[in-house]
Amino acid sequence: MQTVKMVVTGPFSAGKTQFIGSVSEIDVVSTERKISQGTERAIKESTTVAMDFGRITVDEDLVLYLFGTPGQKRFDFMWEILSEGMLGFIVMVDSTRPETFREARSILETFRAYAPTPYVVAANKQDMPDAWPVEDMRHALRLDSKVKLLPCVATDRNSVKTVLLELLYSILAEMESGG
Amino acid sequence: MALRGNLRDFTVTQLLNLINLASKTGTLIVDGPSETAHASFRDGKLAYARIGNEDNSLASILHRANKLSAGQYQIIRQRGGQMNDKELGLLLINAGYVTQEDIILSLHQYFTGIIQKLFTWVEGFFRFENEMLPPDDRINVRMDLENLIIEGSRHLREWEQLQDEIPSLDMALKFADRPGANLRNVNLSVEEWRVVSYINPKNTIRQIANATKMTDLEIRRIVYGLIQAGLVEIVRPEGTTLPPARMFPTEDREEQKSLVNRLITRIRSL
Ligand SMILES: Nc1nc2c(ncn2[C@@H]2O[C@H](COP(=O)(O)OP(=O)(O)OP(=O)(O)O)[C@@H](O)[C@H]2O)c(=O)[nH]1
Ligand SMILES: [Mg+2]
């Protein structure tokens, strides 16, 4: 059995667990903990503390694992471990919370420094009325026009599929150009 | 239509950067600690600004810039009541009191002052109104934002934020190939020029810091300013060979491609 993996990262509450949950064939093995206090408690009740883990079986010889990173900064020691050997990564950004854009950029730069693998950025929660327009987010996140920034609704499986496919197309394109 | 937030999380420098890169037209409204500021833009250039109840009539701006004497200013205030700024400007130029350049420079100075004041606000709600254009009866200018952005980044002192912006000093820099990114139009300090002179995809940020004898904090601050102004980009240093990443369970290129194609087929079928 061969396995490959992709990493889903991004700031606290961006929708990483939801994203993996929408396509994984197993219930996401999530390490959620209730948030006991503080400002983060006001945003949601539980958070991922070590990682999320999802699986998509491709055929009898091949399995794709999806790893979600914890969003809270104090768990970032997990990031490098999770990123090892990844085929590519997805940076999730909550389009309704500009206060997290800076951190999203920081996470993106950190992952870029780990490995030269392809990545895409998902502008998540585009179904919400106060979501920033994708093109404004491109500038706010300082993404070069070559970087794929995709509108995303993590609760919608088709939307998640599109993001994963775009990442795979980038991986393929990179292999073809790299010879 | 949701360009809104708090300066705590999204600084004025970052907003200017966004407006610049997206060539936005509209008005940025910021509710500061004690007053509200309006800054209007056309195609990503600053056109007009006002703050609180400050008198921003052309006559008053020219007077404060010492282009009109107190006497001239008094006369205009008494007799020029019905005239708008554009009409007054023409009149003053025709009368030989000021030149067109005096007017433009004084307005630039005044608007720059307002933006500089904004840089000192750390708290306050902002929103960007696409529909709101600079007032018609006022003289609009076309100021490039790059200098303001660089200037704003110099205010950034917070170590933590810089660490966030530039997490790894082992990355390199290259000049942005964005059209319009032009170093010649930007007023850089001596320190900034020293950094610029080392920019090359072969040099890591850390190497540049060593070469210019700067601390981590100093180099991060300068690099951050250059990035925000859209002049440089972070890239992986050229010529570094990475530890072989075991991304694929097989070494064979064709097998790897086949594997990615299988993944694509499978995801499509979900
Ligand atoms: N409307 C909407 N809500 C979403 C979307 N994606 C996620 N959410 C919600 O946003 C909240 C956060 O989603 P999570 O998947 O827990 O986010 P996370 O990135 O795993 O969060 P941490 O692990 O705590 O960092 C949850 O309440 C989700 O239901 C989306 O596309 N649209
Ligand atoms: Mg989670």
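I count as a polar contact a pair of N or O atoms within 3.5 Å. The model I examined is predicted.

Entry on the ligand. I applied that cut-off to the side chain of A:T17, where an N or O atom is 2.7 Å from an oxygen atom of ligand 1. I then turned to the backbone: an N or O atom of A:G15 lies 2.9 Å from an oxygen atom of ligand 1. For A:A154, a backbone N or O atom likewise lies 2.9 Å from a ligand oxygen atom. I noted that ligand 1 taken alone exposes 650 Å², of which the protein buries 81%.

Entry on the shell. I listed 18 residues around ligand 1; A:K16, A:T17, A:Q18, A:T47 and A:T48 come nearest. Which element gives the largest share of this shell? I found that α1(A) does, with three residues. In chain A, α1 (16-23) and β3 (46-59) each supply at least two residues.

Entry on the cores. I looked up the largest nonpolar core, which has 96 residues. Among the residues with the most contacts inside it are A:V121, A:L141, B:F41 and B:I219. Helix α5 (residues 100-119) of chain B gives the most to this core, eight residues. I also saw that domain 1 (3-155) and domain 2 (172-268) of chain B each contribute at least three residues to it. Apart from this core lies another, of 37 residues, including A:F19, A:I90, A:V160 and A:I171.

Entry on B:I219. Leaving out residues up to four places away in sequence, I found that B:I219 touches B:L169, B:V195, B:I205, B:I208, B:A209, B:T212 and B:M214.

Notes: Residues are numbered from 1 along each chain as its sequence is written. Chains are lettered from A and ligands numbered from 1 in the order in which they are written. This is a predicted model: local features need pLDDT of at least 70, side-chain atom pairs count only at pLDDT 80 or more; totals for chains, interfaces and linings use all residues. Side-chain values use heavy atoms; hydrogens and water are left out. A nonpolar core is a set of buried Ala, Val, Leu, Ile, Met, Phe, Trp, Tyr and Cys residues joined through side-chain atoms within 4.5 Å. Buried means under 20% relative accessible area, exposed over 50%, partly exposed in between (1.4 Å probe, protein chains only). Helices (H or I, at least four residues) and strands (E, at least two) are DSSP runs, numbered from the N terminus. Domain bounds come from an automatic or database domain assignment. Contact means heavy atoms within 4.5 Å. A residue is near a molecule or strand if one of its heavy atoms lies within 4 Å of it. A polar contact is a pair of N or O atoms within 3.5 Å; within protein, one must be able to donate a hydrogen and the other to accept it, and residues adjacent in sequence count only if both atoms are side-chain atoms. Accessible areas come from the Shrake-Rupley method with a 1.4 Å probe; for residues, only the protein chains shown count as cover.
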